[in-house]
Amino acid sequence: MNEELKKALKILKKTGLKVTNQRRDILNYLIDHQDHYISITDIDKHMRGKYEHMSYQTVYRNLQEFEQAYLVEERPLAGGKFVKYQCDFNNLDHYHFICQICGRVIELKAIGADYFQNQISGCKVLKQHVEITGICDRCLAKEAAIN
């Protein structure tokens, strides 16, 4: 069992969620694709390939529980909800660079919450979510090789 899965299972137990084969398999799938957001539909297709009678609702519910346990990060995109395995358990408020061509996600260090809090006096920052989009180095290199 790899270290990421051990860490995730420990968090599951700590938050009171039962460790099942299905949850373990969802986590393995997310860990194997942790540098991209994955559609819940794709996760559902993968899981139905392993568990014929597993419902979409079961997959969705498990992912919601994973999000509440901070095991996954969620974002809405055209066509539905997408999730990815949490990239930094020690720093839940962090930023992402997302490649518009391949969808690769690169974690960026966050500016402290004080930076934003100072701009909105009288309000309280609870969570920050910032995304920067562009074209990653791999896609730029492929583009340069074609031209």
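Student: How many residues sit between E4 and E5 in the hairpin?
Tutor: Five residues lie between E4 and E5 in that hairpin. This is a predicted model.

Student: And what about Gly103 in the turn?
Tutor: Gly103 has a positive phi of about 85°.

Student: How do E4 and E5 run, parallel or antiparallel?
Tutor: Antiparallel, with four bridges joining E4 to E5, residues 105–108. Tyr95 stands opposite Leu108 of E5.

Student: Which way does E6 pair with E4, parallel or antiparallel?
Tutor: Parallel, over four bridges; E6 covers residues 131–134. Ile98 has Thr133 of E6 as its bridge partner.

Student: Is E4 buried or exposed?
Tutor: Mostly covered. Five of the five residues in E4, residues 95–99, are buried.

Student: Which residues are on which side of E4?
Tutor: Tyr95, Phe97 and Cys99 are on one side, and His96 and Ile98 are on the other. Both faces are covered. In a regular strand, side chains alternate between the two faces of the sheet.

Student: Switching to helices. At what angle do H2 and H4 cross?
Tutor: Roughly 70°, and their axes come within 11 Å. H2 is residues 21–32 and H4 is residues 56–68. The two helices are therefore roughly perpendicular to each other.

Student: Is the crossing left-handed or right-handed?
Tutor: H2 passes H4 in a right-handed crossing.

Student: Which residues make the contact?
Tutor: From H2, Arg23, Ile26, Leu27 and Leu30. From H4, Arg61, Asn62, Leu63, Glu65 and Phe66.

Student: How many of those are nonpolar, polar or charged?
Tutor: The contact of H2 with H4 has five nonpolar residues, one polar and three charged.

Notes: Residues numbered from 1 in each chain as written. Predicted model: local features only at pLDDT ≥ 70, side-chain atom pairs only at ≥ 80, totals over all residues. Heavy atoms only, no water. Axes fitted to C-alpha atoms, helices over the stretch in contact; angles between N-to-C directions. Parallel < 35°, antiparallel > 145°, perpendicular 65-115°, else oblique. Left-handed = near helix turned anticlockwise from the far one by under 90°. Contact = heavy atoms within 4.5 Å. Nonpolar A, V, L, I, M, F, W, Y, C, P; charged D, E, K, R; others polar. Buried < 20%, exposed > 50% of the residue type's maximum accessible area, 1.4 Å probe, protein only. Pairing = 2+ DSSP bridges.
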